[in-house]
Amino acid sequence: MNLLNDRVIWLTGASGAIGAAIAQRACAEGAHVILSGRTIEKLDTITAKLISDGYSAYALHTDVCDQQSIKTAFEKILNRYQRIDCLVNSTSVSAFGSFLDLSDETWLEVIETKLLGYMRTMRTVLPQMKAQGSGAIVNISGRSARQPTTTHLPGACANAAINVLDKGLADAMSDYGVRINTISPGPIVSERFEKLQSMTAGVTGQKVQQFKQAGTPEDVANATVWLLSDQAKHITGTVMAVDGGATATV
Ligand SMILES: NC(=O)c1ccc[n+]([C@@H]2O[C@H](COP(=O)([O-])OP(=O)(O)OC[C@H]3O[C@@H](n4cnc5c(N)ncnc54)[C@H](OP(=O)(O)O)[C@@H]3O)[C@@H](O)[C@H]2O)c1
């Protein structure tokens with residue numbers, strides 16, 4: 001039995017390393033996956049491959065910094081599927097650098113894309129999920145929320161805020177059958193992580209750190225699919241680390 005049979009899943013950041021892996025795993029578990037991101041060509045390529053593999057996938061260009069774009073995308077989803085079962089947020093912009101060099105614009109771009117982007121998609125789907133009496137949301141935050149790195153402070157602050165946002169909302173939404181969980185990946189082998197590594201080495205003057213515990217996008221995808229599924233029906237408001245033990249905090 002597939003874990004996500006016939007579920008309608010809206011996935012933002014679907015053209016990223018982790019997003020693409022989540023799309024693949026969710027499709028393989030029988031879901032209808034709506035893939036969202038800004039760059040149409042990237043989305044179309046990933047979606048076309050999923051469709052040619054026999055899966056149910058649909059590319060929907062969406063900018064999470066633009067409330068109207070989110071509203072229009074969600075209207076299209078409801079027109080096409082008449083419901084929404086799950087939402088996964090996996091967007092980010094790579095804004096790494098020394099604290100003294102990062103501009104207000106960079107900080108605002110990170111907060112806009114990650115924290116406010118996640119907030120906006122949730123605010124858009126939650127009335128429908130409440131009316132349905134069911135729904136599952138997974139937001140990808142990050143280890144930096146609990147163990148910040150000096151070169152990734154805007155992202156770390158956005159991640160910490162997402163952990164708080166999800167916990168507060170999960171408590172409020174549990175009465176309506178809607179679950180909200182957060183996944184906190186540690187280092188994940190990806191273009192984004194390589195950029196963070198080389199930037200940190202450039203700022204600290206130290207060698208690029210080698211992580212024994214670096215995971216893969218598929219590790220995050222497996223945890224996401226499980227949290228969305230009924231196997232996790234009694235789990236909400238949790239922050240699940242997917243980090244091979246890399247987070248040195250409780
Ligand atoms: N990779 C890691 O090691 C790691 C570790 C911890 C946490 N995380 C978190 O995991 C999530 C995914 O990471 P990743 O490595 O897959 O990142 P990624 O490869 O850089 O992908 C980022 C995704 O976000 C999309 N995006 C950016 N701005 C957007 C906007 N305004 N509207 C819509 N989509 C937008 C991008 O699409 P376009 O390119 O089309 O804009 C892309 O699909 C992020 O939240 C990241 O912070 C990653």
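Start by selecting the shell around the ligand: by class it holds 10 nonpolar, 14 polar and five charged residues. Here Ala, Val, Leu, Ile, Met, Phe, Trp, Tyr, Cys and Pro count as nonpolar, Asp, Glu, Lys and Arg as charged, and the others, Gly among them, as polar. The model is predicted, with local features needing pLDDT of at least 70 and side-chain atom pairs pLDDT 80 or more, while totals for chains, interfaces and linings use all residues. Residues are numbered from 1 along each chain, and side-chain values use heavy atoms, without hydrogens and water.

That shell has 29 residues, the closest being Ser15, Arg38, Thr39, Lys42 and Lys114 (a heavy atom within 4 Å of the ligand).

Now zoom in on polar contacts (N or O pairs within 3.5 Å). A polar side-chain atom of Ser15 sits 2.7 Å from a ligand oxygen, and a side-chain N or O atom of Arg38 is 2.6 Å from a ligand oxygen. At Val64, look to the backbone: a polar atom there is 2.9 Å from a ligand nitrogen. The protein covers 91% of the 900 Å² of accessible area that the ligand has on its own (Shrake-Rupley, 1.4 Å probe).

Next, colour helices H1 (17-28), H4 (104-132) and H6 (191-204), each of which gives the shell at least two residues (DSSP runs of H or I, at least four residues). H4 provides the largest share, three residues.

Finally, select Val33. Its contacts (heavy atoms within 4.5 Å), not counting residues up to four places away in sequence, are Ile9, Leu11, Ala23, Ala26, Cys27, Ser56, Ala57 and Tyr58.

Methods. Polar contact = N/O pair within 3.5 Å; in protein donor to acceptor, adjacent residues only side chain to side chain.
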